[in-house]
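This briefing sets out selected features of the structure shown below, grouped by topic.

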Amino acid sequence: MASQQQFSALKGKKVLMVGAGGIGCELLKTLALSGFQDIHIIDMDTIEVSNLNRQFLFRQSHVGQSKAKVAREAVLKFRPHIKITPYHANVKDPDFNVDFFKQFNVVLNGLDNLDARRHVNRLCLAAEVPLVESGTTGFLGQVTVHVKGRTECYECQPKPAPKTYPVCTITSTPSKFVHCIVWAKDLLFAKLFGDKNQENDLNVHSSDVASSSEKAEYVFERRKDEDIDQYGRRIYDHVFGYNIEVALSNEETWKNRTRPKPIYSSDVLPNGLVQQNGNLDKNCATDDLSSVSAMASLGMKNPQDIWSLMENSRIFLEAFKLFFMKREKEIGNLTFDKDDQLAVEFVTAAANIRASSFDIPLKSLFEAKGIAGNIVHAVATTNAIIAGLIVTEAIKVLQSDTKNYRMTYCLEHPTRKMLLMPVEPFEANKSCYVCSETPLKLEINTRRAKLRDFVEKIVKAKLGMYFPLIMHGSALLYEVGDDLDEDMVANYAANLEKVLSELPSPITSGITVTVEDMKQELTCNINIKHREEFDEEKEPDGMLLSGWTRASSVEKDDNKPIGNGGSTSNASVEVEKNDEIRTVPSGKKRKVREVPMAAAQDFSNAADGTRNHNELEVIVDEDDFLMLGQDPGINKKKRLQ
């Protein structure tokens, strides 16, 4: 419960919570018990069974219902006199604009994705409302404070780009299990069960079939009079056998690589075993199609077992059969979902069979599901700790106690007898294009790239603007909005298909393009530089955005105590935030005061199992992302005076 002084600071204050999941449940409970009287919650999700182990406001009977609404009902049972307003909606909906945000005294984030975080950050800046960010992954967590004019914003430090893999590596030369997962999930699963019109790199060998009579036939289509077992085995033989043989025909590729082994179903499974593969009756008792299971059909129970090649082959063929026999109406519209048991079984088996071919160690379904769904298993205690820290910082914000703002990091193991590492907030990065409006530079082939490429790959994917307005001087080249007439919509649609240098107001080297998002009240200037060629592996977008750099810094007194009185030392680490495990990019890094190297060693365990004092990574999922590292050449960063 808040003290009397703190309670008076809370009186009449309105708080907006974004996210009612793992952190959100703990946060709403803590806000209610701390004296907050007027709380608004936005969350677009509904409750799933997998939420129940840590999102304690929810019960089995709530599955399928709105998280925001059920959370409200649960808390009002023990705090009936406070006001809680739920919104079962997406925070990026037009209703939640700058004017909506202006009614709040502080915004508290418990989100699980980078796009939504950036959107909320920009609305808070435009509305001049303080933001308290947060994230957890396993035993790790963080809380950061962002106040316009006082601290850096959430986007002051560039977020690493999502980890991507060259198509040639995925389709031809995988060397890690994650490559096999990406192949099974994004290529094979999508080809067989997803949108047939979607481009897919499995087409590479789709016309190179075993006999000339089949050359005119699309290999992934089921043939007339072909039963489901024959269809499944033909697909198996094509992707794990014939396609590998085609790849082996390129001798140059395998000069310095281990040659893969083609795998055919007849080599692994006798005909009789496939015919008697599973027991469909075991899946007849459920009406929930998403719980149909190949493991259940085959009597396999432990998801932590590592299956043999034969077991993976049986699971693959059984899952394939179940999709066509139990879920045929969904085929053509399916996308991979980590909560879809049959999809996870199919992808695990396919990835393992491919891994066997390329001599890559196999994984259990439990491990494969984690890789495919970018899952780091949540710990309820960490969420509770982080929720408490969010409320602590929110109270400081409402009391205007700026001298005591802290960014706090929750560690897995004690460092100097401390599990919580407080750090003074940083000043705004003067090169941040979001809060400092610094121009960016874009290298692009203006004679080849279309306006659509610029909109999709830069404006939306990199800058996070989803309702953009693009101008060159006074010429309006593109706009999104509900109030556009048909002629304008047709004109902008035509512009999207034009090469940049051939637009009505040409975009060429040396000019400046202005991009605005009216909903976020954000404007960004981009200086264009023409460039002819790009490295397909290092620069797959065919363009390079730069000018968004890390801030330089000056050192502060290292002997001054911080946070809860813990002293500082000469050691320091890099701190960044994002949504997935990724590699820390090279370049300038920023220092935080006194998180000892031992703490960084602890964080490394949550990454990919490797330890490197220069590049340590951590997921922070519900949740955000920390990365810690040390570089003797780091410039020290200026903190708030």
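In strand β11, Leu 476 is the bridge partner of Met 471. Helices (H or I, at least four residues) and strands (E, at least two) are DSSP runs, numbered from the N terminus. The model is predicted, so that local features need pLDDT of at least 70 and side-chain atom pairs count only at pLDDT 80 or more, while totals for chains, interfaces and linings use all residues. Residues are numbered from 1 along each chain as its sequence is written, and side-chain values use heavy atoms, with hydrogens and water left out.

**The six-stranded sheet**

- Strand β10 (residues 468-472) runs antiparallel to β11, and four bridges join the two; strands count as paired if DSSP finds at least two bridges between them.
- Both belong to an open sheet of six strands with mixed pairing, in the order β11-β10-β12-β13-β9-β14.
- The edges are β11 (475-479) and β14 (543-546); each has a single partner strand, so one side of each lacks a neighbour in the sheet.
- From one strand to the next, the twist averages 25 degrees.
- Helix α16 (residues 451-460) lies across β9 (440-444), β10, β11, β12, β13 (522-530) and β14, and runs at about 125 degrees to β10. Axes are lines fitted to C-alpha atoms, for helices over the stretch in contact, and angles run from 0 to 180 degrees between N-to-C directions.

**Ser 505**

- Ser 505 is located in the loop between α17 (486-496) and β12 (512-517).
- Ser 505 counts as buried because its relative accessibility is 16%; buried means under 20% relative accessible area, exposed over 50% and partly exposed in between (1.4 Å probe, protein chains only).
- Apart from neighbours within four places in sequence, Ser 505 is in contact (heavy atoms within 4.5 Å) with His 472, Ala 475 and Leu 477.

- Seven of the seven residues of β5 (residues 131-137) are buried.
- Both faces of β5 are covered, with Leu 131, Glu 133, Gly 135 and Thr 137 buried on one side and Val 132, Ser 134 and Thr 136 buried on the other. In a regular strand the side chains alternate between the two faces of the sheet.
- Strand β4 (residues 106-109) runs parallel to β5 and is joined to β5 by two bridges; Leu 108 has Val 132 of β5 as its bridge partner.
- The chain passes from β4 through helix α5 (residues 114-127) to β5 in a right-handed β-α-β crossover, meaning that, with the strands pointing away from the viewer, the path from the first strand over the helix to the second runs clockwise.
- Strand β6 (residues 140-146) pairs with β5 in the antiparallel sense over seven bridges, with Ser 134 opposite Val 143 of β6.
- Two residues separate β5 and β6 in this hairpin, and Gly 138 in the turn has a positive phi of about 60 degrees.

**Helix packing around α7**

- Helix α7 (residues 177-193) packs on helix α12 (residues 309-326) at an angle of about 35 degrees, with their axes 12 Å apart.
- Leu 188, Phe 189, Leu 192 and Phe 193 of α7 make this contact with Phe 316, Phe 320, Phe 323 and Phe 324 of α12.
- The axes of α7 and helix α8 (residues 228-248) come within 13 Å and cross at roughly 145 degrees.
- Trp 183, Leu 188 and Leu 192 of α7 meet Ile 235, Val 239 and Phe 240 of α8.

**Cysteines**

- The structure holds zero disulfides, a disulfide being a pair of cysteine sulfur atoms within 2.5 Å.
- Cys 124 is buried at a relative accessible area of 4%, and Cys 410 counts as buried at 4% relative accessibility.
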